[in-house]
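Please examine the sequence and the model shown here.

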Amino acid sequence: MADLKALSEAVIRGDQKTAVEITRQAIDEGMAPGTILADGLIAGMNFIGVRFKANEVYIPEVLIAARAMKMAMELLEPKLVEAGVKPMGKALIGTVQGDLHDIGKNLVVMMLKGAGFEVVDGGVDISPDDFVAKAKAANAQVIGLSALLTTTMPAMEKTIKAFKDAGVDAKVMIGGAPVTQGYADKIGADGYAADAASAVDLAKSLL
Ligand code: B1M
């Protein structure tokens, strides 16, 4: 039986080959995609995050762990999508200007797809103008902004203002490690979610 502890350890080591192998094995054995994600991949990446914060590992280790997680996520994503029952709505998700962090944003994208949303992944470092253009092209009902840096949080407010100025008629939710409900209230976002699972509940409630 696929060992999810070994999967999280493979992510921590940045061992792409093992992470992909165990993910494939878990999928082949019929393990729930959400369990593989939460108990294997996210568990490993969270551990790396704690060690990075404590200066016990540095950017190169973090990058290779993130790459191993991404490779495994490529296998898992279709399974998460398959688990979705019916289309819930359309969402555009992206990381705001100046910010290159995309692991959490990718999780939000995957979880939303898994919950049955049609999702446009806008990418990272999206300027307010680009966000407006992508929002108009996607015609999304829900737009999600992600920021991982305190220095890029103000780009959320600028993006929301750009949506209002351009008449983009969509609900806007925000998230990311430094973001809070208070900040969402302050900048006029329609909602805040602390994690990818809560982002799904929030997106559903905003429809
Ligand atoms: Co960066 N980084 N990083 N980093 N990095 C943090 C965020 C940091 C807290 C580390 C630290 O110092 N302790 C710190 C920010 C400090 C601050 O602003 N207060 C930091 C810094 C400083 C930096 C650089 C400036 C470092 C440097 O160059 N000196 C630089 C900035 C680059 C840039 O963006 N312009 C940088 C670079 C990087 C890497 C490239 C090395 C890499 C990113 C790789 C990638 O994303 N492809 C990286 C990583 C991996 C991290 C940490 C270790 C992990 C982030 C992560 O992926 N976590 C992070 C430390 C930490 O978080 N403990 C750190 C796992 C992920 C699943 O969690 O993204 O929080 P997270 O997503 C969560 C929730 O926040 C939520 O759902 C997810 C879980 O379910 N969520 C949403 C996220 N977006 C959401 C949107 C929603 C709803 C929920 O609705 C739309």
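Predicted model: local features only at pLDDT ≥ 70, side-chain atom pairs only at ≥ 80, totals over all residues.

Residues are numbered from 1 along each chain as its sequence is written, and side-chain values use heavy atoms, with hydrogens and water left out.

**Overall fold**

The protein chain contains nine helices and five strands; helices (H or I, at least four residues) and strands (E, at least two) are DSSP runs numbered from the N terminus. Along the sequence these elements follow the pattern α-α-α-α-β-α-β-α-β-α-β-α-β-α. The radius of gyration of the protein chain is 17 Å, close to the 17 Å that the globule rule gives for 207 residues, so the chain is as compact as a globular protein of that length. That radius is taken over C-alpha atoms, and the globule rule is 2.2 Å times the number of residues to the power 0.38. Taken along the principal axes, the C-alpha atoms of the protein chain fill a box of roughly 50 × 40 × 25 Å.

**Helix packing**

Axes are lines fitted to C-alpha atoms, for helices over the stretch in contact, and angles run from 0 to 180 degrees between N-to-C directions.

| Helix pair | Angle | Axes |
|---|---|---|
| H1 (residues 4-13) and H2 (residues 16-28) | about 155° | 8 Å apart |
| H3 (residues 33-53) and H4 (residues 59-83) | roughly 170° | within 10 Å |
| H6 (residues 128-138) and H7 (residues 153-166) | about 50° | 9 Å apart |

Angles under 35 degrees count as roughly parallel, over 145 as roughly antiparallel, 65 to 115 as roughly perpendicular and the rest as oblique. H1 is thus roughly antiparallel to H2, H3 is roughly antiparallel to H4, and H6 is oblique to H7.

In contacts (heavy atoms within 4.5 Å), Ala6, Leu7, Ala10 and Arg13 of H1 meet Thr18, Ala19, Ile22 and Thr23 of H2. By class, this contact of H1 with H2 has five nonpolar, two polar and one charged residues. Here Ala, Val, Leu, Ile, Met, Phe, Trp, Tyr, Cys and Pro count as nonpolar, Asp, Glu, Lys and Arg as charged, and the others, Gly among them, as polar.

Where H3 meets H4, the H3 residues include Leu37, Leu41 and Met45, and those of H4 include Met69, Met73 and Leu76. The contact of H3 with H4 has 17 nonpolar, one polar and one charged residues.

Pro128, Phe131, Val132, Ala135 and Lys136 of H6 meet Lys158, Thr159, Ala162, Phe163 and Ala166 of H7. The contact of H6 with H7 has seven nonpolar, one polar and two charged residues.

**Cobalt site**

His101 (NE2), at 2.2 Å, is the only protein donor of the cobalt atom of the ligand. Donors are N, O and S atoms within 2.8 Å of the metal (3.2 Å for Na, K and Ca); water is not among the atoms, so sites may look incomplete. His101 lies in the loop between strand S1 (90-96) and helix H5 (103-114).
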